[in-house]
Amino acid sequence: ENTINAVFTAMGTMENPFINAQIQPSSFSAGNVPVEFASTLRLEDGVFYVDDTQLLMGAQKITDISAFFSIVDFAGQFHARYNADISNAYKVDIPLTLTVESSLSELAKQNPHREQPDFIESLMTLTKGLPEYVSLNAKASLKGNLFEENGDISITFVRVPGVIMVTSDNDLGISGAYYDSGIVDFTLSGKMPLHASINGTVIGNAMDIYITNIQSDISKFTKLLSYPYIKAHGGLVSGELRIGGVFTDPEFNGDVVVQNPVISCPDYVPDLMKSDVMDVVIRNNRLTVHDQVFTVKKGKAILDLEL
C-alpha cells in the first residue's frame with residue numbers, strides 16, 4: 001500500500017519563500033519492492049535543506065541522509081550512508097559525500113559582495129540550462145566483503161558544454177567521457193575488479209555498447225557466480241561483450257575465454273573440475289559452454305551448459 005504522511009508549512013514571499021515539509025514514516029512500492037522512508041525538507045533563503053532522512057528498500061538502506069543545495073550558486077553537498085546485502089553473499093557499507101560546484105559558485109567566491117538574484121530570478125536562470133561548468137565529486141569509504149580492498153575512493157564528474165568527463169583518484173581506475181551526441185568512451189583499470197574498454201552510444205533509452213579488452217579474475221566474484229548446480233571458483237577471463245537494445249530489455253552477445261577455469265557441480269561431480277581453457281559463448285542473452293572437458297580427481301568430466 002502506498003502511504004505518504006506529511007505536514008507542510010509555507011510562508012514568506014515568492015521572491016524569498018520559506019517552505020518546510022515533515023514527511024512522517026511513509027511507504028510505497030517500487031517494482032514490487034516495498035520502500036519505507038521519512039524526511040524533513042526545507043527551503044530557506046534560496047537554499048534547499050534535507051535532514052533526518054532515511055530510505056529502506058528490501059535488503060538496501062540509505063541512512064544518515066543530510067544535504068543542502070543553493071539555487072543561486074548551484075552548489076551544495078549531500079551526505080548519506082549506504083548499506084546493502086547483495087544476493088545474500090556480499091555486504092556493503094559505504095559512507096558517501098557528494099559535493100556540487102559550478103561556475104556560479106566560483107563567481108560567488110570571487111565576488112562575495114555581488115548583488116544576489118532572488119529565488120524566482122534564480123529559477124528562471126536555471127530553466128535556460130545548467131551553468132557553463134558543473135562538477136560533482138563523490139567521496140566514499142568502501143567497507144564490506146564485496147571490495148577486494150576497503151578504503152577511500154574519489155570520483156569526479158565534470159560537465160562542460162558538449163561532454164561529461166569522469167576521473168577517479170587513488171588508482172581506482174575509472175576514467176572516460178559521455179558526449180551530448182550519445183558517444184560513450186570509458187576505461188576500467190587500476191583497482192577495479194574488471195578491466196575493460198567501454199565504447200559505444202547511449203541515446204535516450206537505447207544503447208549499443210561494446211566492452212572489449214576484458215581482463216578479470218573469477219576468484220573475485222565467486223559468491224556472485226554461484227548457482228544451485230554450478231559454482232565458479234577461479235580462472236582468468238578475457239574477451240569482449242556487446243550490449244544492445246534498451247535499458248529495460250538489454251540484449252547481450254559476446255565471446256569470452258577463461259584460462260585455467262576451476263568450477264564445481266556438486267550435484268553431479270563431488271570434486272573440483274579443472275581445465276586449461278574454456279570457451280564461453282553468449283548469444284541473445286543465452287550463455288553456453290559446449291562439451292568442455294575437465295579434469296577431476298578420478299578422471300574426466302564433460303560440461304555442456306546453457307544458462
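Mentor: Buried means under 20% relative accessible area, exposed over 50%, and partly exposed in between. The model discussed here is predicted.

Trainee: How many aromatic pairs does a search of the whole structure find?

Mentor: A pair of aromatic rings is described by the distance of the centres and the angle of the planes. One of the pairs is formed by F28 and F37, with 5.6 Å centre to centre and 70° between the planes, which is edge-to-face. F69 and F74 also form an edge-to-face pair, at 5.1 Å centre to centre and 85° between the planes. For the whole structure, the number of aromatic pairs found is two.

Trainee: Is F37 buried or partly exposed?

Mentor: The cut-off for buried is under 20% relative accessible area. F37 has 17% relative accessibility, so F37 counts as buried.

Trainee: What is the relative accessible area of F28?

Mentor: F28 is the ring paired with F37. F28 is partly exposed, and its relative accessible area is 33%.

Trainee: Over the face of which residue does R42 lie?

Mentor: R42 is placed at 4.2 Å from a ring centre. The ring belongs to Y49.

Trainee: Which residue caps the N-terminal end of helix α2?

Mentor: Helix α2 covers residues 119-127. A side-chain oxygen lies 3.1 Å from the backbone nitrogen of I120, and that oxygen belongs to the capping residue, D118.

Conventions
Residues numbered from 1 in each chain as written. Predicted model: local features only at pLDDT ≥ 70, side-chain atom pairs only at ≥ 80, totals over all residues. Heavy atoms only, no water. Polar contact = N/O pair within 3.5 Å; in protein donor to acceptor, adjacent residues only side chain to side chain. Helix = DSSP H or I, 4+ residues; strand = E, 2+ residues; numbered from the N terminus. Phe/Tyr/Trp six-rings, centres within 6.5 Å; stacked < 30°, edge-to-face > 60°. Buried < 20%, exposed > 50% of the residue type's maximum accessible area, 1.4 Å probe, protein only. Lys NZ or Arg CZ within 6 Å of the ring centre and 35° of its normal.
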